[in-house]
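Please keep the sequence and the structure in view while reading.

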Amino acid sequence: MKNTIKNIAALFLIFIFSGSLANAQGWTVPNSAKKKQNPYEATSKNVSTGKKIYNLHCKSCHGDPTMANMLPLAPVAPTDLGAQNFLVQSDGEIYYKVNKGQGAMPTFEKTISDEDKWMVIAFLRSFDKNKKVKQQVAEVKNPEVTDVKLELNVNEANKTLLAKLSGVTKKGKRVGLQGIEMSFLVKRSFGYLDVSGEDPYTNEKGDVTVQFPADLPGDREGQVNMLVKVTDDAFYGKLEEARVVTLGVPTDPVNPLDERAMWGTRANAPIWIIVTFVGGVLAIWSVIFLVLFQMIKLPKLAKSKD
Amino acid sequence: MNDLPKQKETNLSFEKIKKDILHPMQNHKGLELWIVFLITVISVCGWAYYIQLKDGLGVTGMRDYVSWGLYIANFVFFVAVSLVGMLISSILGLLRIDWITPISRIAEIIAVAFVAVAGLVIVLDMGRPDRVLNVMIHGRFQSPILWDVTVITTYLTVSALLLILPMIPDLAICKKELTKASPIMKKLYNILSLGYINTPEQHKHLHKMIRTLMVLIVPIGLAIHTVTSWLFAATLRNGWDTTIFGPYFVAGAFVAGSAALIIAMYFFRVNYKLQDYITDLQFDKMGKLLVAVCLVYLYFNLNEFLVPGYKMKTGDDIHLKELFYGNWAIMFWASQLLGNIIPIILLVNKKFRKPLPIMIISLFVLAGAWFKRYVIVIPTMLHPHLPIQNVPENFVHYYPSAIEISVTVLSFALVLLIITVLSKIFPVVPIVETAESKGIEVKIDA
Amino acid sequence: MKEETSNNSRRKFLKSFGISVGAAGVVSSFSLIGAAKAAAKKPAEMVNLLTQDGQLVQVDKNQLRPTVNEPLDELQKRGREGIPGKSFVMVIDLSKCRNARKCMSACQNHHQLRADQHHINVLQMQDAEHTAPYFMPKPCQHCDNPPCTKVCPVDATFKRQDGIVLIDNERCIGCRFCIAACPYSARIFQWTEPKDAEKYKDLTYNIEANVPQKKGTVSKCLFSADRLREDKLPSCVSACPNGVYYFGDRNEDAVTNGTTGETVRFSKLIEENAGYTLMEELGTKPRVYYLPPKNRAFEFNGDLLNEENLH
């Protein structure tokens with residue numbers, strides 16, 4: 001009897017302790033929210049999408065999951081979202097906290113779509129050691145391959161890009177790799193613009209076609225630097241191809257200094273103001289000098305009458 | 001038509017005129033003491049400026065929001081007063097108004113002194129006065145400051161010429177009559193008088209040149225204060241972003257200048273004992289002139305404040321509330337009432353146009369003019385379009401510091417010094433012109 | 001007119017959100033950028049450095065900036081020319097700003113500024129009596145019709161071909177006409193010797209960073225022109241932890257977010273979020289675009305309670 005009471009007491013304490021860990025920041029989640037479940041399956045596609053969204057919105061403060069490289073803010077540092085003591089929370093709890101925000105963490109209720117939030121949760125869940133369901137769920141269609149290659153074809157006439165991802169099976173046959181997300185990126189001054197479109201996943205032949213935007217400016221000849229890569233390097237490592245293509249709109253940069261302007265340098269001043277100033281100064285000062293010159297004649301006039 | 005005492009029929013002879021006017025130039029111990037006093041003040045305040053040079057403009061009360069303060073208010077004031085030269089000797093001179101004859105030189109002396117120091121005041125306000133030549137080397141035609149510098153230099157030159165040229169006959173007299181003058185002064189009179197002996201040809205020649213300059217200075221004078229007003233009107237700030245600043249400033253300049261002239265007239269009349277020349281008539285006429293220009297200025301003020309006050313646009317509303325019944329109400333209403341409205345009411349009455357009353361009223365008008373310019377410069381800077389936040393408390397107020405006040409005193413002392421020196425070495429009332437206007441024959445020996 | 005003293009209320013305010021300003025403070029005696037966020041992005045390569053007042057500090061090598069090696073006249077020349085072919089713009093997403101002020105401190109570190117000197121200032125704004133208040137970062141707008149360059153008498157402030165308005169503090173005479181002319185109150189003046197003037201005394205003047213600052217001259221936001229030359233985003237853009245800033249080239253129709261690194265099409269960003277410019281009716285044609293605070297990421301909790309705080 002005594003032992004049972006001790007055990008119950010211990011369990012009770014552990015329960016309180018783990019509960020308080022989860023509520024370490026005084027972030028109480030209502031029970032109704034805790035019960036919510038992830039409506040999306042943990043497919044490799046969803047996990048991959050979640051990773052992309054996570055890197056965009058969460059990584060800047062929370063760092064990489066399980067790497068414990070979050071921003072060292074004080075007094076409350078952001079959590080490592082891949083750690084077990086975070087993932088002990090239910091999907092609904094995590095979803096609630098993402099929506100609500102607290103302190104330095106923004107509310108993502110309106111800034112990220114619900115689907116995107118669940119994708120992130122699916123990605124985080126892939127780090128959960130206690131999850132019984134395997135990470136890759138019933139979607140693995142690609143055989144094991146080596147010598148994975150990325151081929152890029154550009155059709156400049158109708159501005160399309162065709163990427164082909166293929167690998168050599170154990171049997172020595174080169175097959176297309178299906179369902180892999182590809183990124184089509186255009187190099188800009190400070191980063192890459194993603195023009196991949198809605199659904200850039202390879203089809204059964206390993207092909208994906210992307211329509212390049214019709215109105216994206218290029219340089220004077222319409223050239224842009226393209227980078228095509230496999231989005232998630234968890235699949236086949238870093239696989240990319242860079243190429244200069246003439247798919248952009250030829251753009252002549254306008255130099256604001258080409259025209260004369262009131263805000264310009266002296267050399268760029270409007271003509272009328274230069275003329276007015278110089279003309280005015282010359283006119284008035286020539287009269288002044290004329291008068292001065294005439295004044296010098298004054299003594300001479302005295303002599304003429306004497 | 002006019003019930004003033006008629007001009008005394010001449011018990012004035014040419015000799016008497018010469019004696020009266022030249023006398024104070026040679027015997028005036030009080031004047032010399034005054035000059036010593038001014039130089040002392042200038043030295044002390046010059047040391048204040050040295051501190052400003054050494055430590056930076058941070059020794060003033062100016063900060064990032066009120067970045068123009070006392071110095072700029074002074075600058076506008078000095079330029080304003082200097083316009084009296086153009087008003088009296090040129091505009092009224094071209095119209096051949098003859099009561100101005102005794103006072104036109106005083107007006108020119110004031111003009112030269114004030115515009116010269118105005119140019120200096122601007123350099124005193126600069127953050128990097130060692131780079132002042134950059135304005136010549138790199139000057140941009142599109143900048144109102146370049147125009148301002150150009151016009152000030154031009155106005156100073158032409159005013160100086162309009163001081164000296166009409167004085168040439170008098171300098172010829174000084175050369176002969178001022179026997180007690182030092183050799184340097186004698187040489188100065190000799191050079192400047194340019195061998196004038198009042199031959200008909202010289203007379204005609206000289207007067208043609210003077211008239212040319214008188215015509216020339218009218219657009220220059222109008223330009224100088226219009227361009228100064230563009231320092232404010234060319235910006236987008238509430239209170240400055242208005243179209244009437246040019247004529248508004250010119251009208252205000254006439255008010256300030258006329259008041260300054262009346263004060264100077266009184267002091268020369270009393271100190272130099274020139275009652276026969278700077279007579280009650282001059283004060284009476286100047287009083288009427290002052291009423292006229294004050295009325296014009298009042299008209300501009302009504303437009304400048306009532307029209308935005310009617311609309312209460314965003315930005316204007318806070319500015320006007322502060323002026324009408326906020327933190328600036330006292331200064332605003334004092335400058336309007338004591339500096340403009342009450343003087344008008346008083347001066348309409350002949351009794352107040354006597355020398356002493358009108359001098360006292362002019363003191364108020366001049367002080368009001370200075371405060372008016374302070375009210376133009378600083379309140380606008382305190383109400384920018386975007387809120388003033390995340391800065392120390394003292395950025396939101398402006399109180400001139402001791403150094404700023406010292407440098408202000410320095411500039412006023414310089415002005416007074418220039419006026420004093422000029423009135424000591426030159427006859428303040430034109431000798432030959434006075435004689436000619438009374439029909440007395442003038443004879444100048446070679 | 002309620003005012004905040006620079007440090008105390010800021011610390012108090014930030015503490016309430018659990019943010020420490022310690023990170024930037026350690027290395028501020030050197031001319032380094034204290035963007036702690038950068039440490040989270042790449043694995044930090046730490047180096048030991050001795051600062052000029054004898055402190056031994058560990059610094060992320062990514063944050064070090066070498067002093068310029070070029071001579072003065074070359075710096076001046078390329079500073080006036082600008083970066084050809086570019087047309088820089090900034091987009092500020094007001095729905096994401098929570099007054100963290102990392103942008104302000106990163107900028108002040110970069111440009112040798114005191115805490116009360118702002119090249120970028122985060123203001124509490126309330127447009128009209130019954131509208132909701134919000135935080136608004138306000139850098140120099142680098143206008144295409146700049147009222148400041150118009151009035152400069154010596155061409156010390158000028159616009160270059162890439163759209164950036166710079167100040168040449170080798171030429172500025174300190175007349176402060178440009179400060180009077182700017183309707184955005186974007187400019188400041190060095191009323192006394194600049195911060196740490198002794199330490200920066202021997203550096204060559206770099207017009208694209210406006211460092212070293214000079215007493216008696218004007219200073220303002222430069223869109224971090226020195227960093228742009230190295231294809232880096234401006235200090236404020238990189239330092240923001242909340243995704244407020246986008247910066248890019250209008251000619252390329254692309255802007256990059258300083259927090260997430262995402263590059264988006266400028267025209268699409270403006271169209272989808274109803275972007276606007278500040279005080280457009282003044283005709284200054286700013287290059288800083290604002291996205292109105294719809295779908296806010298943070299609740300507003302400034303101390304703006306009544307109209308007196310507005311002016």
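Helices (H or I, at least four residues) and strands (E, at least two) are DSSP runs, numbered from the N terminus. Over residues 18–24 of chain A the pLDDT is below 50, and this stretch has five contacts in the model beyond near neighbours in sequence. Two residues are in contact if their C-beta atoms, placed from the backbone, lie within 7 Å. Where pLDDT is low, the predicted coordinates should not be read in detail. Chain A as a whole averages a pLDDT of 85, with 87% of the residues scoring at least 70.

The model is a predicted one: local features need pLDDT of at least 70 and side-chain atom pairs count only at pLDDT 80 or more, while totals for chains, interfaces and linings use all residues. Residues are numbered from 1 along each chain as its sequence is written, and chains are lettered from A and ligands numbered from 1 in the order in which they are written.

Chain A is assigned domain 1 (22–125) and domain 2 (145–245), with bounds from an automatic or database domain assignment. The C-alpha centres of these two domains of chain A lie 30 Å apart. Four residues of domain 1 of chain A are in contact with four residues of domain 2 of chain A. The domain 1 side of this contact has no nonpolar, one polar and three charged residues. Here Ala, Val, Leu, Ile, Met, Phe, Trp, Tyr, Cys and Pro count as nonpolar, Asp, Glu, Lys and Arg as charged, and the others, Gly among them, as polar.

In chain B, helix α7 (residues 144–164) contains B:Ser159. Is B:Ser159 buried or exposed? B:Ser159 counts as buried because it has 30 C-beta neighbours inside 10 Å; the cut-offs are 20 or more other C-beta atoms within 10 Å for buried, 12 or fewer for exposed, and partly exposed in between, with C-beta atoms placed from the backbone. Leaving aside neighbours within four places in sequence, the contacts of B:Ser159 include B:Glu108, B:Val112 and B:Ile217.

Helix α7 of chain B also supplies at least two residues of the side that touches chain C, as does α6 (134–138) of chain B. In this interface 42 residues of chain B are in contact with 44 residues of chain C.

Technical notes:
pLDDT is the predictor's confidence in each residue, from 0 to 100.
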